[in-house]
Amino acid sequence: MATDPVCYGEVEERGAKHRASFKGQEYFFCTASCRKKFEENPERYARLATTFHIDPQMSC
Ligand SMILES: [Zn+2]
């Protein structure tokens with residue numbers, strides 16, 4: 001399982017419909033809206049994903 005960097009939900013990589021790559025890293029999303037948020041500010045979400053800092057304000 002991969003973690004959605006926007007809402008921290010779990011996403012099955014196999015056959016995932018919503019994905020994006022940023023700086024050589026692949027990210028998976030539970031919904032198109034999570035993917036859209038990531039693409040609007042990939043630096044922010046990619047950084048949060050690597051530090052596993054969870055912001056309670058984040059959600060789908
Ligand atoms: Zn999500």
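Analyst: Two residues are in contact if their C-beta atoms, placed from the backbone, lie within 7 Å. In the protein chain, take the contacts between residues at least 6 apart in sequence: 41% of them join residues at least 24 apart. The model is predicted; local features need pLDDT of at least 70, side-chain atom pairs count only at pLDDT 80 or more, and totals for chains, interfaces and linings use all residues. Residues are numbered from 1 along each chain as its sequence is written.

User: How many helices and strands does the protein chain have?

Analyst: Helices (H or I, at least four residues) and strands (E, at least two) are DSSP runs, numbered from the N terminus. The protein chain has 2 helices and 4 strands. Their order along the sequence is β-β-β-β-α-α.

User: What share of the residues counts as buried?

Analyst: Buried means 20 or more other C-beta atoms within 10 Å of a residue's own, exposed 12 or fewer, partly exposed in between; C-beta atoms are placed from the backbone. Here 20% of the 60 residues are buried.

User: Which loop holds Tyr8?

Analyst: Tyr8 sits between β1 (2-3) and β2 (10-11). Its phi is positive, about 65°, although Tyr8 is not a glycine. Tyr8 is partly exposed because it has 16 C-beta neighbours inside 10 Å.

User: Is Lys23 buried or exposed?

Analyst: Lys23 has 7 other C-beta atoms within 10 Å, so it is exposed. Lys23 lies in the loop between β3 (18-22) and β4 (25-29). Its phi is also positive, about 50°, and Lys23 is not a glycine.

User: Where does Ser33 lie?

Analyst: Ser33 is in helix α1 (residues 32-40). With 13 other C-beta atoms within 10 Å, Ser33 is partly exposed. Its C-alpha is 9.2 Å from that of His18, 15 residues apart along the chain.
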